[in-house]
Amino acid sequence: DSQPPLLRLEHVLVALIAGCVQSDDAMFSERRPGWLPRACEEIRASFRTGIRLHLLARSAGRHPVHFARVFRGHMGCSVGQYVQRLRIEAACEALALTDDSIAAIAVSVGFYDQPQFSRAFRLRLGMTPGQFRLAAKGA
């Protein structure tokens, strides 16, 4: 890749943020169910510790299958994908702003371990967490 690391980092961050904006905009359509914003807030509040679909559905007063289908229809992704995106966003912030180890960041944002985190990060952003950190720190 011939792009300078900081420019590539900027493109990655813009794409990540654009994904958030698109999904959150979908939440504000006229037909959105009233429980959806509350469910998204619940997910944002607990994405680091684990989310149980049946508990989210129960909180929303919906059957888990209905909850998952409506969530995907309005948010453009599954609950699991939404959780993973939130975890990766939090990890990006930690990678850019702290000197914590990648393994510690992985666990702190809710991944089982560093290899699981690194695979998900690379699939989502096209670079490893270490490469992201170097680019974010200007190295």
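How are helix 4 and helix 5 oriented to each other? Keep this question open while you go through the model, which is a predicted one.

**Whole chain.** Start with everything shown as a cartoon. The protein chain has eight helices and zero strands, so a colouring by secondary structure will show the order α-α-α-α-α-α-α-α from the N terminus on. Of the 139 residues in the protein chain, 37% are buried. Among contacts with a separation of 6 or more, 63% join residues 24 or more positions apart.

**Helix 5.** Select residues 79-97. This helix has 19 residues and reaches 27 Å from its first C-alpha to its last, close to the 27 Å expected at 1.5 Å a residue. Show its side chains next. Those that are buried include Val79, Tyr82, Val83, Leu86, Ile88 and Leu95. Two arginines, Arg85 and Arg87, are also among the buried residues of helix 5.

**The core.** Nonpolar side chains in soluble globular proteins tend to be buried together. In this model the largest nonpolar core has 35 residues. Select Ile43, Phe67, Phe71, Tyr82, Phe117 and Phe121, the residues with the most contacts inside this core. At least two core residues come from each of helix 2 (35-46), helix 3 (53-60), helix 4 (64-75), helix 5, helix 6 (102-108) and helix 7 (114-125). Helix 5 gives the most, with ten residues.

**Helix 4 against helix 5.** Now select residues 64-75 together with helix 5. Two packed helices are described by the angle between their axes and the distance between the axes. Here the axes come within 9 Å and cross at roughly 55°. Helix 4 and helix 5 are therefore oblique to each other, which settles the opening question. To see the contact, show Phe67, Phe71, Arg72 and Met75 in helix 4, which meet Val79, Gln81 and Tyr82 in helix 5. By class, this contact has five nonpolar, one polar and one charged residues.

**Helix 2.** Move to residues 35-46. Helix 2 has twelve residues and spans 17 Å from first C-alpha to last, close to the 16 Å expected at 1.5 Å a residue. Its buried residues are Trp35, Leu36, Pro37, Ala39, Cys40 and Ile43, and they pack against helix 3, helix 4 and helix 5. Centre the view on Ile43. Leaving out residues up to four places away in sequence, Ile43 touches Ile51, Leu56, Phe71, Val79, Tyr82, Val83 and Leu86.

**Isoleucine 51.** Is Ile51 buried or partly exposed? Its relative accessibility is 22%, so Ile51 counts as partly exposed; the cut-off for buried is under 20%. Draw a distance from Ile51 to Val83: the two are 32 residues apart in sequence, with their C-alpha atoms 8.0 Å apart in space. Beyond four places in sequence, Ile51 is in contact with Ile43, Ser46, Leu56, Val79 and Val83.

**Phenylalanine 111.** The last stop is the loop between helix 6 and helix 7, where Phe111 is found. Phe111 has 5% relative accessibility and so counts as buried. Draw a distance from Phe111 to Arg87: these residues are 24 apart along the chain, and their C-alpha atoms are separated by 7.8 Å. Then show what is in contact with Phe111, apart from neighbours within four places in sequence: Gln84, Arg87, Ile88, Ala106, Gln116, Phe117 and Ala120.

Technical notes. Residues numbered from 1 in each chain as written. Predicted model: local features only at pLDDT ≥ 70, side-chain atom pairs only at ≥ 80, totals over all residues. Heavy atoms only, no water. Helix = DSSP H or I, 4+ residues; strand = E, 2+ residues; numbered from the N terminus. Expected span 1.5 Å × (residues − 1). Buried < 20%, exposed > 50% of the residue type's maximum accessible area, 1.4 Å probe, protein only. Core = buried A, V, L, I, M, F, W, Y, C linked by side-chain atoms within 4.5 Å. Contact = heavy atoms within 4.5 Å. Axes fitted to C-alpha atoms, helices over the stretch in contact; angles between N-to-C directions. Parallel < 35°, antiparallel > 145°, perpendicular 65-115°, else oblique. Nonpolar A, V, L, I, M, F, W, Y, C, P; charged D, E, K, R; others polar.
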